[in-house]
Amino acid sequence: MNNFVEPLALWRLKDWLHAHPRLLVIGGAGCSTEVGIPDYRDQSGQWKRPQPVTYQAFMGDVLVRQRYWARSMLGWRVMGQAQPGAAHKALALMEQQGRLELLITQNVDGLHEAAGSQHTVDLHGRIGTVLCTDCGHRFARAELQQQLLALNPAWAQLYAAPAPDGDADLEGQDFSQFVVPSCPHCGTGLIKPDVVFFGETVPRDRVRTCMDAVASADAMLIAGSSLMVYSGYRFVLAAHEQGKSIVAINRGVTRADALLDFKVEADVGQTLMALAAY
């Protein structure tokens, strides 16, 4: 795919950045697709695959949890090894330059922090951490991976194509045979990835931090997100209500198209790199 950024679009972005020196950035899956982490939606904003598991299904059905962790064990081969790409590095550089009020990422891969970003809100949590829903203990996903592999050696021999958020496309298996360990701290607790599932509520303190940044930023930049999920879209609505300028770098439609000053349909990593060099 051609990653070339049209000069006129880039000049327009640079002029906009000059007029709005402190940005609130909302980042999405497009920031991470270049490093091999798949996204959920196509350029028309439609689902590419079945919708992800809901919080209610995960918490209420042991077989759903077994299926989730079996797929996650295979998907971790990609997610656990992913390294920051151009978009992550560019936004970290823009933060160092003093241009960012806050970076709100809807991704759960932790790659913005790995690239050096510090003023970041992981809106939907981190896939690299596991939470015990009983005792509240948190521990590294890499630690759980070793347990999963040891308990399920036959499953470790399977191949499955990577899917979004550390998932993998694994079907046709008897998931009831997959062994999921309990919390290593309390010994009995139900574990889940420390992320906000579909159907789960984003913690209020995260929302409050993001809303404060909407108010204090000069403008909003949407980077690689269709904003089809309301948890991120609400901040665009708030910025629009406050009369803030809103611009997007995204290939394809976004839920906020009617609210944008303009949109640049180009590779988000290359475009952000060009802005960071400005």
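Let's start where helix α4 touches helix α9: A86, A87, K89, A90, L91, L93 and M94 in α4 meet V268, G269, Q270, L272, M273 and A276 in α9, and contact here means heavy atoms within 4.5 Å. By class, that contact has ten nonpolar, two polar and one charged residues. For the classes, Ala, Val, Leu, Ile, Met, Phe, Trp, Tyr, Cys and Pro count as nonpolar, Asp, Glu, Lys and Arg as charged, and the others, Gly among them, as polar.

A quick word on the source: this is a predicted model, where local features need pLDDT of at least 70 and side-chain atom pairs count only at pLDDT 80 or more, while totals for chains, interfaces and linings use all residues. Residues are numbered from 1 along each chain as its sequence is written, and side-chain values use heavy atoms, with hydrogens and water left out.

Back to our helices. The axes of α4 (residues 86-96) and α9 (residues 268-276) come within 8 Å and cross at roughly 25°; axes are lines fitted to C-alpha atoms, for helices over the stretch in contact, with angles from 0 to 180 degrees between N-to-C directions. That makes α4 roughly parallel to α9, a label for angles under 35 degrees.

Now have a look at α7 and helix α8 (residues 230-241), whose axes come within 10 Å and cross at roughly 30°. These two are therefore roughly parallel as well. V207, C210, M211 and V214 of α7 make the contact with R234, F235, A238 and A239 of α8. Here the classes come to seven nonpolar, no polar and one charged residues.

On to the sheet. In which order do its six strands lie? The open sheet runs β3-β2-β1-β9-β10-β11, with parallel pairing; two strands pair if DSSP finds at least two bridges between them. Its edge strands are β3 (120-122) and β11 (262-264), each pairing on one side only. Inside the sheet, five bridges join β1 (residues 23-27) to β2 (residues 100-105), and I26 has I104 as its bridge partner in β2.

Which helices cover these strands? Helix α1 (residues 7-19) lies across β1, β9, β10 and β11, at about 125° to β11. Our friend α7 (residues 204-216) lies across β1, β2, β3 and β9, at about 140° to β2.

Last stop, the aromatics: a search of the whole structure finds six pairs, counting rings of Phe, Tyr and Trp (its six-membered ring) with centres within 6.5 Å. In one of them, the rings of F58 and Y68 have centres 5.5 Å apart and planes at 90°, so the pair is edge-to-face, the term for planes over 60 degrees apart.

How values were computed
Helix = DSSP H or I, 4+ residues; strand = E, 2+ residues; numbered from the N terminus. Parallel < 35°, antiparallel > 145°, perpendicular 65-115°, else oblique. Phe/Tyr/Trp six-rings, centres within 6.5 Å; stacked < 30°, edge-to-face > 60°.
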